[in-house]
Amino acid sequence: MRHIISILIENESGALSRVAGLFSARGYNIESLTVAPTEDTSLSRMTVVTYGNDTVIEQITKQLNKLIDVVKLIDLAETVHIERELMLLKVKTSPETREEIRRTTDIFRGKIIDVTAGSYVVEMTGPSDKLDAFIATLDKAAIIEVVRSGATGISRGELGLHL
């Protein structure tokens with residue numbers, strides 16, 4: 001099962017490598033990882049997407065809680081949450097394909113943020129499956145480059161990851 005673990009961690013050098021090291025030392029895979037400072041400059045919020053059954057995720061969260069840099073964590077898969085991912089996609093265009101790519105981008109509520117004579121750069125946010133669906137509609141030969149941020153998320157309602 002897919003889990004999104006959101007972690008409040010001390011904003012210090014080496015904290016990221018200790019978390020990544022915990023996963024690699026135990027043979028767990030990180031599907032995506034995002035980190036950024038919070039409103040408190042001494043803390044960062046790290047979002048780790050991984051797969052595992054309940055026993056594996058319980059082991060991961062127990063081990064993460066033992067790390068000195070970890071202040072607090074929550075498994076968003078256990079709560080009602082909002083999840084988003086950012087994607088930038090560069091696609092080849094020709095006079096024949098430009099309008100179709102523009103329409104498809106509009107349908108998926110993306111934005112064309114750069115235009116050259118032979119390409120578009122599309123910006124899109126949403127759940128991972130929406131981004132996957134957009135890519136699937138495009139001709140694979142037309143895709144030049146795809147950059148994805150990985151999932152990030154926040155719980156709905158009053159529950160939150162804060163001190």
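These legends describe close-up views of a predicted model. Local features need pLDDT of at least 70 and side-chain atom pairs count only at pLDDT 80 or more, while totals for chains, interfaces and linings use all residues. Residues are numbered from 1 along each chain as its sequence is written, and side-chain values use heavy atoms, with hydrogens and water left out.

**View 1. The aromatic pair Phe108 and Phe134.** The whole structure holds 1 aromatic pair (Phe, Tyr or Trp rings, the last by its six-membered ring, with centres within 6.5 Å; planes under 30 degrees apart are stacked, over 60 edge-to-face, the rest tilted). The ring centres of Phe108 and Phe134 are 5.3 Å apart and the planes stand at 70 degrees, so the pair is edge-to-face.

**View 2. Surroundings of Phe108 and Phe134.** Phe108 sits in the loop between helix H3 (98-107) and strand S6 (111-115), and Phe134 in helix H4 (residues 128-137), so the pair ties together parts 26 residues apart in sequence (helices are DSSP runs of H or I, at least four residues; strands of E, at least two; both numbered from the N terminus). Phe108 is buried at 17% relative accessibility (buried is under 20% relative accessible area, exposed over 50%, partly exposed in between; 1.4 Å probe, protein chains only). Phe134 is buried at 1%.

**View 3. The open sheet S2-S3-S1-S4.** Its 4 strands pair antiparallel (two strands pair if DSSP finds at least two bridges between them). Strands S2 (32-37) and S4 (70-75) are at the edges with a single partner strand each, so one side of each lacks a neighbour in the sheet.

**View 4. Strands S1 and S4.** S1 (residues 2-10) runs antiparallel to S4, joined by 5 bridges. Ile7 has Leu73 in S4 as its bridge partner.
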